[in-house]
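Let's take a friendly walk through a protein model. Have a look at the structure first, then follow along.

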Amino acid sequence: MKKITIGEAARQSGVKVPTIRYYESIGLLTAPSRSEGNQRSYEPADIRRLAFIRHARELGFEVGSIRTLLALQDDPDQSCASADAIAKARLIEVEQRIRSLMALKAELEIMVEGCGHGRVDQCRVIEVLADHGQCMHPHH
């Protein structure tokens, strides 16, 4: 079976070369074998693992959660309750973020709608930004 270079691994998995090296350094990806010229040599399983990590990161999973999910994937005979719990926790985070973004959207809409398109001294956007007390929702 032909070994895959780090550049080709990056192309196939969609993960950039420095990120692959980072994943190796933190243990998400095992260090690959090396050629006689000391170049990294990857297997197809490494490419699948990189794609898994990339997809999990795209969905916003933290490194610790990904580490747990990879461990679960490596032992497929166990219960998937831990994977379900990790995904449910991420869903709750996303739902909270959506609520926060919707409140922010509503506030910005009010700010923009209140703009009279006149001069800056009459600008609702500047007025609201200058006086946090005029905000509809407290921000952190």
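Leaving aside its neighbours within four places in sequence, which residues is arginine 49 in contact with? They are Leu28, Leu29, Leu70 and Asp74. Keep in mind that what you're looking at is a predicted model. Arginine 49 belongs to helix H3, and its side chain is joined to that of aspartate 74 by a polar contact of 3.1 Å.

Now for another arginine. Arginine 40 sits in strand E2. Is arginine 40 buried or exposed? Its relative accessibility is 19%, so it counts as buried, given that the cut-off for buried is under 20%. Not counting residues up to four places away in sequence, arginine 40 touches Ile4, Thr5, Ile6, Arg21, Glu24, Pro32, Ser33 and Arg34. With glutamate 24 there's also a polar contact between the side chains, at 2.9 Å.

| Residue | Partner | Polar contact |
|---|---|---|
| Arginine 49 | Aspartate 74 | 3.1 Å |
| Arginine 40 | Glutamate 24 | 2.9 Å |

On to the nonpolar part. The largest nonpolar core is made of 20 residues, and Ala9, Ile20, Tyr23, Tyr42, Leu50 and Ile66 have the most contacts inside it. Take isoleucine 20: if you skip its neighbours within four places in sequence, it's in contact with Ile6, Ala9, Ala10, Val15, Leu29, Tyr42 and Leu50.

Let's zoom in on helix H1. Its buried residues are Ile6, Ala9, Ala10 and Ser13. Why are they on the same side of H1? Because they cover an arc of only 100° around the axis. These buried residues pack against H2, strand E2 (40-41) and H3. Just after H1 comes glycine 14, with a positive phi of about 80°.

Finally, how many aromatic pairs does a search of the whole structure find? The search turns up one. The partners are tyrosine 22 and tyrosine 23: their ring centres are 6.0 Å apart and the planes are at 50°, so the pair is tilted. As for accessibility, tyrosine 22 is partly exposed, with a relative accessible area of 43%, whereas tyrosine 23 counts as buried at 6%. And you've met Tyr23 already, among the residues with the most contacts inside the largest nonpolar core.

Terms used. Residues numbered from 1 in each chain as written. Predicted model: local features only at pLDDT ≥ 70, side-chain atom pairs only at ≥ 80, totals over all residues. Heavy atoms only, no water. Core = buried A, V, L, I, M, F, W, Y, C linked by side-chain atoms within 4.5 Å. Buried < 20%, exposed > 50% of the residue type's maximum accessible area, 1.4 Å probe, protein only. Contact = heavy atoms within 4.5 Å. Helix = DSSP H or I, 4+ residues; strand = E, 2+ residues; numbered from the N terminus. Polar contact = N/O pair within 3.5 Å; in protein donor to acceptor, adjacent residues only side chain to side chain. Arc of directions from axis to C-beta. Phe/Tyr/Trp six-rings, centres within 6.5 Å; stacked < 30°, edge-to-face > 60°.
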